[in-house]
Amino acid sequence: MHHRFIIAAILLVTALSTSYGHSNDADKLAAFMRLKLQHSERILEGIVLEDYKLIEKNAQDLSLLSHDEMWQVFQTPEYLQHSLEFRRAADELVGAARKRNLDGATLAYMGVTLKCVSCHKHVRDVRMAGLEELPAIRLGRR
Ligand code: HEC
């Protein structure tokens, strides 16, 4: 019994250290970027269930993410502009949720989604032009 516990503990520690060992900067960046998707899903949930608090909180989180150091993967004026427009759209969504305006929130959510897509298009174009190279994660289309 005691023995088994020790073996289990060793296995656990090994598993943990292996997974930590593999988590490099690219994994961290990917995990950070994926948060946007999680917040978007929560926002959609808030919209369909008319839960304004849920919408507000997750839209705020999206806006905050765009201030994070990890967000700033490119330092170009275009990327900054996309970031700014994205934040503005997220803030608009926060405003609509505070006003408990469901149609407004739905439209603002679409606005936010359009900004996701246009920034990602931009990032892919930059990649295709071979102007910038990021570690491992890719937005499809190589
Ligand atoms: C201002 C630019 C910008 C905006 C706006 C933006 N993203 Fe991203 N996103 C990025 C960049 C840069 C990456 C990393 C791309 C890469 O390395 O190929 C990324 C990566 C991702 C990834 C992939 C993470 C992985 O697993 O590799 C997801 C998912 C994602 N974004 C979702 C979203 C969603 C959802 C939104 C809108 C709510 C959004 N993004 C808005 C720039 C943006």
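Predicted model: local features only at pLDDT ≥ 70, side-chain atom pairs only at ≥ 80, totals over all residues.
1. On the helix 2 side, the residues involved are Leu 35, Lys 36, His 39, Arg 42, Ile 43, Glu 45, Gly 46 and Ile 47. Facing them from helix 3 are Tyr 52, Leu 54, Ile 55, Asn 58, Ala 59, Asp 61, Leu 62 and Leu 65. Sorted by class, this contact holds 9 nonpolar, 3 polar and 4 charged residues.

2. How do the two helices sit against each other? Helix 2 covers residues 25-48 and helix 3 covers residues 52-65, and they pack at an angle of about 160 degrees with axes 8 Å apart. Angles over 145 degrees count as roughly antiparallel, and helix 2 and helix 3 are therefore roughly antiparallel to each other. Their crossing is left-handed.

3. Helix 2 is worth a look on its own. Its 24 residues reach 36 Å from the first C-alpha to the last, close to the 34 Å expected at 1.5 Å a residue. Buried in this helix are His 39, Ile 43, Gly 46 and Ile 47, and those four also turn up in the contact with helix 3. The cover over the buried residues of helix 2 includes helix 3 and helix 5, the latter being residues 102-128.

4. Now step just past the end of helix 2, to Glu 50, which takes a positive phi of about 50 degrees. I'd flag this one, as the positive value occurs in a residue other than glycine. Glu 50 belongs to the loop between helix 2 and helix 3. Is Glu 50 buried or exposed? It is exposed, with 11 other C-beta atoms within 10 Å.

5. You'll find Arg 100 in the loop between helix 4 (77-98) and helix 5. With 12 C-beta neighbours inside 10 Å, Arg 100 counts as exposed, because 12 or fewer is the cut-off for that label.

6. Which residues of helix 4 meet helix 5? They are Glu 78, His 82, Glu 85, Phe 86, Ala 89, Ala 90, Glu 92, Leu 93, Ala 96 and Ala 97. Their partners in helix 5 are Gly 104, Ala 105, Ala 108, Tyr 109, Gly 111, Val 112, Lys 115, Ser 118, Cys 119 and His 122. By class, that contact has 11 nonpolar, 5 polar and 4 charged residues.

7. Finally, the whole chain. There are 5 helices and 0 strands, so from the N terminus on you read α-α-α-α-α. Of the 142 residues in the chain, 18% are buried. For contacts with a separation of 6 or more, 56% join residues 24 or more positions apart.

Key:
Residues numbered from 1 in each chain as written. Buried ≥ 20, exposed ≤ 12 C-beta atoms within 10 Å, placed from the backbone. Contact = placed C-beta atoms within 7 Å. Axes fitted to C-alpha atoms, helices over the stretch in contact; angles between N-to-C directions. Parallel < 35°, antiparallel > 145°, perpendicular 65-115°, else oblique. Left-handed = near helix turned anticlockwise from the far one by under 90°. Nonpolar A, V, L, I, M, F, W, Y, C, P; charged D, E, K, R; others polar. Expected span 1.5 Å × (residues − 1).
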